[in-house]
Amino acid sequence: GITPMLLPLALTAVAVLEGSGAGGGFGLAVGLVWTLSYPLGWGGAVIGMTLAGAAIGSVSQYVLSQSLPGCMLCGAGLLAVLDGLRIAGALISDRGDLPALLEVAVPECLLSLAWMPLIYLLFRAVYRKVGGDKLA
């Protein structure tokens with residue numbers, strides 16, 4: 001079956017609401033959780049998620065708006081990069097052909113993005129409850 005990837009979406013929501021510093025810090029935590037909890041986790045996820053959080057925070061502050069559409073766009077970009085890397089790794093190690101891999105990756109991305117509004121609203125409620133920029 002296909003399951004949504006929610007950790008990258010949580011990272012996206014925090015980075016969009018809080019900015020690059022908090023996004024990078026939360027990305028570090030997400031990378032650690034990802035590495036320790038998922039099979040075949042490797043340390044590159046820690047660095048990758050930290051950089052992704054910082055980049056998303058910067059993009060949302062200076063290029064896009066800190067809103068749900070900006071969060072959806074950043075989340076779609078992060079999911080595309082993550083699935084692209086997974087597909088590239090599978091193709092390089094000859095674990096499948098491209099149509100079969102896309103048959104899993106595309107529905108996974110769409111299902112994950114369906115959760116983005118709920119995740120964004122949850123994190124925005126917490127963000128407003130604690131007073132906005134007090135976490136940064």
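Which residues in α4 are buried? In this predicted model, local features need pLDDT of at least 70 and side-chain atom pairs count only at pLDDT 80 or more, whereas totals for chains, interfaces and linings use all residues. Residues are numbered from 1 along each chain as its sequence is written, and side-chain values use heavy atoms, with hydrogens and water left out.

The buried residues of α4 are Gly70, Cys71, Cys74, Gly75, Leu78, Leu79, Leu82, Asp83, Ile87 and Ala90. Here, buried stands for under 20% relative accessible area, exposed for over 50%, and partly exposed for the range in between, with a 1.4 Å probe and protein chains only. The partners against which the buried residues of α4 pack are α1, α2, α3 and α5 (98-129). Ala88 also lies in helix α4, but with 32% relative accessibility it counts as partly exposed. Between the C-alpha atoms of Ala88 and Leu98, which are 10 residues apart along the chain, the separation is 9.1 Å.

Next comes the packing between helices. Two packed helices are described by the angle between their axes and the distance between the axes. The axes are lines fitted to C-alpha atoms, for helices over the stretch in contact, and the angles run from 0 to 180 degrees between N-to-C directions. Helix α3 (residues 44-62) packs with helix α4 (residues 68-92) at an angle of about 150°, and their axes are 11 Å apart. The two helices are therefore roughly antiparallel to each other; angles over 145 degrees count as such, those under 35 as roughly parallel, those of 65 to 115 as roughly perpendicular, and the rest as oblique. The crossing of α3 and α4 is right-handed, a term for the near helix being turned clockwise from the far one by less than a right angle, with anticlockwise being left-handed. Met49, Ala52, Ile56 and Val59 of α3 make this contact with Cys74, Leu78 and Leu82 of α4, where contact means heavy atoms within 4.5 Å. By class, the contact of α3 with α4 has 7 nonpolar residues, no polar and no charged ones. Nonpolar covers Ala, Val, Leu, Ile, Met, Phe, Trp, Tyr, Cys and Pro, charged covers Asp, Glu, Lys and Arg, and polar covers the others, Gly among them.

By class, the contact of α4 with α5 has 17 nonpolar, 2 polar and 3 charged residues.

Helix α3 has buried residues of its own: Gly44, Ala45, Val46, Met49, Ala52, Gly53, Ile56, Gly57 and Ser60. Their cover includes α1 (7-18), α2 (20-37) and α4. With α1, α3 packs at an angle of about 40°, the axes being 7 Å apart, which makes α1 oblique to α3. The crossing of α1 and α3 is right-handed. Leu11, Thr12, Ala15 and Val16 of α1 meet Met49, Ala52, Gly53, Ile56, Gly57 and Ser60 of α3. By class, the contact of α1 with α3 has 6 nonpolar, 4 polar and no charged residues.

A few single residues complete the picture. Asp94 is placed in the loop between α4 and α5; it has a positive phi of about 55° although it is not a glycine, and at a relative accessible area of 67% it is exposed. Leu110, in helix α5, is exposed with a relative accessible area of 57%. Glu18 is found in helix α1 and is buried, with a relative accessible area of 10%.

Definitions and conventions:
Helices (H or I, at least four residues) and strands (E, at least two) are DSSP runs, numbered from the N terminus.
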